[in-house]
Amino acid sequence: MTRNRALALLPAPAAGPVQLPWSTVREQLSLGGETLRERGRVVILGPWGSGRTTLLQALAEQVRADGAVARTLWVTPRSGDRALPFSAVTQLLAALPPQETAALAGGQRAAVEGLLRRTGRPLPCPDPIAVRLALTALLRVERAGPVLLAVDGCQWLDEASADTFGHVLQALPPHLLKAVVTERSAGTGTGPAARTLCGDHVARLRMAPLTVEDVAGLLVRHGLSGRWAAHVHRHCGGHPLLVQAMADAIVEHPPRSQPPLPPPGRVQELAAMWLATLPADSRRTLATMALAEAPTARLLRRSGCPEVDAHLEEACEAGIVTNGPRGEVAFVAGALRDAAHRAGNRSTRLAAHRALAASAEDPVHAVRHELLALDAPDAEPARRGQEAAQWARDGGARALAAELLLLAVESTPVELREERLRRLTTSAGDAAAAGRGDLALRAADALAAARADAKDQVTALLAVVDAGGQAMVEMDEVLARARDLAGQDPALLGAVELRIAIRHNVCHGRPHLARLAAQRAALLARRGADPHLEAVALTMRARMERITGHPAASRTLARALASGVAAESVGIRHSPQYLAVRHAVFDDRLDRARTDLMHLLPVAERTGDAEDLEEVLRSLAEVDARAGDCGRALGWGARAMEVCVRAGLSLGPAWYTTALTEAAGGGFHRAAEQARLGALVSREEHDLVFTSRNLLVLGTVQLVTGDVARAVETLTEVARLEGDQEVHDLTMLRWQPEVIEALASAARPDEARHLLERLRAAADDRVLATGLGGAVARSEAVCRAALGATDEAVELLEGAAAHFRALNLPVEEGRTYLTQGRVERGRRRHAAARTLWQRATLVFESAGAHPWTAMTTELLQRLEGTCARTDTPAGLTEAEHHVAAMVAAGASNQDVARRLFLSVKTVEATLSRVYRKLDIRSRTQLTTALQPMV
């Protein structure tokens with residue numbers, strides 16, 4: 001994808017003199033400006049290089065441009081200033097016009113002129129009281145507006161200046177003197193220097209690390225690949241200065257690996273500079289910590305770091321390490337760990353590894369340190385390394401298992417060739433499961449160098465392919481090598497054909513070719529007597545048959561399930577059991593899908609296959625978003641993203657899931673942002689499947705939020721991509737109703753009607769029995785309403801809502817009420833519209849669908865011409881009060897559900913909220929609470 005096309009998917013950066021292209025800082029800038037105008041004092045806190053100065057400059061420029069201040073006075077102390085009394089005060093006084101200081105009273109004027117060396121005999125020790133009074137008087141002078149005092153780096157203020165500024169800020173009210181102060185601090189409270197100036201209760205802005213989304217945007221604006229975002233974020237910890245330096249380094253020296261290895265030079269230098277903000281003895285403790293796989297304070301103390309608690313506290317305050325809930329500690333960035341690791345020489349590192357091996361409570365970690373401390377090959381430690389790798393694998397730590405086996409290989413004497421090759425092959429499989437393409441490639445290269453047999457080399461090469469995730473378009477050379485090495489071995493050829501099938505589907509959108517390749521793989525697996533491979537190949541074939549609408553899809557999946565192969569033995573995402581779950585999702589059998597997924601989740605967690613775990617979490621997020629448990633869906637989506645970033649997996653699928661859950665229960669703006677990025681990186685990886693999925697979420701958000709023109713453009717692109725991929729199963733990606741609704745809303749009824757007719761002709765009873773049937777009816781209703789047939793539209797919408805309610809798809813049900821309310825408002829039936837939007841609000845609130853609730857609330861407010869009602873009990877929404885009033889009048893939950901066309905579950909959830917808000921427990925108490933209102 002070209003750079004311009006990538007940029008078109010990203011939201012424009014904030015306008016203004018200082019551009020802050022990452023979302024968290026833009027939010028802080030908005031909050032800081034509002035707080036400064038209202039309260040007059042703001043402190044900006046953050047670790048070294050976190051962007052405090054950038055935010056301070058942007059904030060000062062913003063309030064000046066807004067007219068909130070007439071003048072800004074800058075104080076920028078440096079580390080050496082702390083030993084110079086009144087040095088910061090002198091810097092401020094020197095910035096004031098001489099005529100202002102000349103107007104001071106005698107003693108005050110003398111103190112100021114002494115500090116500024118304007119007299120022949122400078123005062124050796126200025127009177128602090130006189131300096132305070134002088135500065136207060138100077139800053140109290142009436143001007144066109146208040147003065148902004150900007151102190152950048154108050155941790156370097158000398159004590160006399162800090163006391164003086166603190167006195168002045170207490171003496172002068174915010175309408176005369178405003179202040180923004182920055183301090184280097186990553187702690188939870190106000191920094192000690194800022195507290196001296198502004199007190200304990202000042203408003204604080206904390207510089208948060210860049211998100212993965214921010215990093216992706218920054219990379220794209222540099223003309224780089226957004227799909228490297230997780231790798232860059234992990235290495236730099238989201239630290240703005242390190243991220244910028246890494247992006248610059250990649251631009252200057254284009255990488256030869258995917259993703260790019262951490263470039264030398266500036267990133268290493270900056271990480272070392274950050275570490276250098278700590279004392280030398282603290283850095284020595286961190287050098288030992290950098291060698292540990294899972295460091296804790298206890299481990300470091302036992303390994304020869306007696307002052308570890310104080311040192312870690314300093315490092316936490318500097319933002320270099322974080323403390324976990326169980327005592328574990330970790331560097332916030334891989335670059336910091338690398339810098340701490342490089343701080344010592346080889347002899348000190350070997351000594352530290354020996355100490356860690358003797359102190360580690362986990363035998364797996366003890367063996368790892370033992371291997372790292374070896375100076376020469378030794379068969380016995382190598383054997384223990386292989387044993388420790390098995391323990392790590394059993395515990396789900398597949399990346400650690402891969403590393404242990406590679407270390408064991410380095411320690412295995414060269415004459416033990418078979419052991420070396422076996423360990424390398426197993427290491428490649430562990431690396432693939434962990435998504436660690438770098439480790440898999442190391443194993444594959446070592447096997448090739450050792451001239452291992454074809455089976456071992458092919459196995460390792462396919463592990464490299466599997467570790468690459470969705471980015472299979474770059475694996476042509478690897479697959480070609482694997483096919484050549486496979487020769488005439490049917491099982492090896494079948495394994496290669498299976499990856500070719502996946503590549504045909506993901507990268508080229510050719511499911512018919514993928515089906516043929518999967519069919520060949522299954523036949524070869526049978527010839528090679530490999531039942532596991534045969535089951536996976538049949539599963540892949542069934543997946544392609546479902547996509548293309550082939551009648552054999554169910555039979556093929558049944559054959560794969562009948563093999564009896566356990567899901568964990570072939571990888572959950574490749575297993576027939578998981579495909580059966582996906583089919584249940586497509587058919588809206590959500591309870592069944594959730595039950596099966598909850599059985600697969602602990603298996604995925606136990607095996608440690610990162611991509612399997614991400615797949616299960618993403619499916620759980622999709623199921624709960626559809627089924628109306630939006631809060632839980634957001635949690636699943638966040639966990640999936642964490643797994644993705646930690647393992648370095650492809651970001652496109654994870655961003656699709658977070659976009660989907662944000663659109664259901666988070667916020668439409670964030671959903672659009674996630675979907676844009678997901679589409680961007682999926683295009684870069686030539687992943688057609690998730691390009692269209694991300695664009696569908698983006699187009700749907702654009703449609704429901706009223707950006708109809710862009711929705712048509714985005715959704716038309718989805719239609720083109722799905723057509724190019726030969727997708728015929730209508731239930732998998734339900735884009736057609738969205739396109740129809742967008743076209744009808746954009747006054748293009750003929751195109752909408754033509755697509756609707758094609759959709760109706762293609763949809764059989766099985767398809768219409770799913771939620772797609774309700775979506776089709778809703779889109780047809782929008783078409784009818786656009787043509788003026790509103791009675792027909794309302795009838796269709798009532799049927800669609802009932803259809804969604806029967807399938808327990810509450811967000812879709814509520815969206816249908818929202819649409820029906822708009823139709824009623826369009827024909828000036830405001831009472832009917834109000835009832836429908838209240839009904840939608842209840843459904844959305846019960847589902848935790850916050851962006852939809854906000855939308856219906858706004859529609860109701862606009863309909864009423866007011867921002868709030870005054871005739872409902874405090875805390876209740878109109879919709880909640882409506883249900884409560886009916887119950888208080890004697891209606892049962894079933895009566896309310898029937899009269900309001902809601903599910904009983906929605907009514908029960910609404911009453912629970914009412915009881916909680918009114919602090920009551922019974923219907924009798926409800927009647928009393930509502931007595932003035934009913």
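Predicted model: local features only at pLDDT ≥ 70, side-chain atom pairs only at ≥ 80, totals over all residues.
Q: What makes the span of helix H27 (residues 511-527) close to the expected one?
A: The expected span is 1.5 Å times one less than the number of residues. H27 has 17 residues, and the expected value is 24 Å. From its first C-alpha to its last, H27 reaches 24 Å, so the span is close to expectation.

Q: Which residues of H27 are called buried, and why?
A: Buried means under 20% relative accessible area. Pro-511, Ala-514, Arg-515, Ala-517, Ala-518, Ala-521, Ala-522, Leu-524 and Ala-525 are buried, and therefore each falls under that cut-off. An α-helix has 3.6 residues a turn, so residues three or four places apart point the same way.

Q: What do the buried residues of H27 pack against?
A: Their partners are helix H26 (490-508) and helix H28 (531-548).

Q: Why does Thr-906 count as buried?
A: The cut-off is under 20% relative accessible area. Thr-906 has 6% relative accessibility, so Thr-906 counts as buried. Thr-906 lies in helix H49 (residues 904-918). Leaving aside neighbours within four places in sequence, Thr-906 is in contact with Leu-842, Val-843 and Ser-846.

Q: What is the order of the strands in the open sheet, and how are they paired?
A: The five strands run in the order S2-S3-S4-S1-S5, with parallel pairing. Strand S2 (71-75) and S5 are the edge strands, as each pairs on one side only. Neighbouring strands of the sheet are turned by 20° against each other on average, direction ignored.

Q: How do you know that strand S1 (residues 41-46) and S5 pair?
A: Pairing needs at least two bridges between the strands. Four bridges join S1 to S5, so the two count as paired, and they run parallel. Leu-45 has Arg-206 in S5 as its bridge partner.

Q: What makes S2 and strand S3 (residues 147-152) a pair?
A: Five bridges join S2 to S3, against the at least two required, so they pair; the two run parallel. The bridge partner of Arg-71 is Val-147 in S3. Helix H4 (residues 87-94) packs on the sheet, where it touches S2 and S3; its direction makes about 145° with that of S2.

Q: Why are the side chains of strand S5 (residues 203-206) said to alternate?
A: In a regular strand the side chains alternate between the two faces of the sheet. Ala-203 and Leu-205 point to one face and are buried.

Notes:
Residues numbered from 1 in each chain as written. Heavy atoms only, no water. Buried < 20%, exposed > 50% of the residue type's maximum accessible area, 1.4 Å probe, protein only. Axes fitted to C-alpha atoms, helices over the stretch in contact; angles between N-to-C directions. Contact = heavy atoms within 4.5 Å.
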